[in-house]
Amino acid sequence: MKKKIRIFTVYLILILIAMIMLYPVLWMISATFKSNSDIFSDISLIPHKITLSGYKAVLRDYGGDINILKAMLNTFRYVVPKVIFTVISSLLTAYGLVRYNFKGRKIIIALLLSSLFLPETVLNIPKFVMFNNFGWVDSPSYLPMVVPSAFADETCFVFMMMQFMRGVPGELDEAAQLDGCSPLRILFSIILPAMKPCVVTCAVFQFIWSSNDYLSPLLYVNTPSRYPSSVFIKMFQDIENGFDWNQVMVISLVSVLPSIAIYAFTQKYFTDNITVIG
């Protein structure tokens, strides 16, 4: 009986915490159907008067021929290749540092880990100057945001894959070498399937971080028709003329849905990844 009471108490507390955590999301959804007066008058999840003006407004074209659908498409145009390049480059870098002993390996690992303590803001000016000299600023292919990911610029993902790869037995590599497998064949046929939780975790984190990134598109994208969703949201917030908050909520909801969906479908891999790395 005491065990049942304890289990009931634990689940009750978890449900209450979940409701508290979900309330902001539910409020944002309900706010898409409210007017400005309703949004600022109470915190209820039920609108006094339902309006679809926010959904109708975000489908209109603004400024440089852009709406929420085009902004989402622009976001995916650089986020998807960035995720792919990040996973491949981080995997190759981790493989070389973990599975091979060479001169200067420890120094490279030390420099790699020390870069984790370097604030991103310190790099913004030199990176902008460099990409501007390359002629990549306002590139239709979003080169300043995509190309660096092909060179394992996200050190945290490299470190995560290194920690996970150390848990994959080296005997598998030796057995594959005896069968005549090349190093790349060993990586993609033997090690990669065992690292699926880590790879999925890195891909999801990179997708969410890149989708929410506001500063990089602001620096490197000058054409309004190429703005991603993170910058497009700001276009609605015209302080001088005022704006309808339900439109902002609609855009925010549409922007965050892909990240929520991806996280929901890949959540099981996070537990496996944390267990192995820990």
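Student: What does S149 touch?

Tutor: Leaving out residues up to four places away in sequence, S149 touches K82, F85, T86 and S89; contact means heavy atoms within 4.5 Å. This is a predicted model, where local features need pLDDT of at least 70, side-chain atom pairs count only at pLDDT 80 or more, and totals for chains, interfaces and linings use all residues. Residues are numbered from 1 along each chain as its sequence is written, and side-chain values use heavy atoms, with hydrogens and water left out.

Student: How far apart are S149 and F85?

Tutor: They are 64 residues apart in sequence, but 5.6 Å apart in space, C-alpha to C-alpha.

Student: Where is S149 found, then?

Tutor: In the loop between helix 7 and helix 8; helices are DSSP runs (H or I, at least four residues), numbered from the N terminus.

Student: Is S149 buried or exposed?

Tutor: S149 counts as buried because its relative accessibility is 1%. Buried means under 20% relative accessible area, exposed over 50%, and partly exposed in between (1.4 Å probe, protein chains only).

Student: New topic. Which residues of helix 5 are buried?

Tutor: R105, I109 and L112. Seen down the axis of helix 5, its buried residues fall within an arc of 60°, so they line one face. The arc is that of the directions from the helix axis to the C-beta atoms.

Student: What do those buried residues pack against?

Tutor: Helix 4 and helix 8.

Student: And which exposed residues are on the face turned away?

Tutor: That face of helix 5 carries K106, I107 and L111.

Key:
Helix = DSSP H or I, 4+ residues; strand = E, 2+ residues; numbered from the N terminus.
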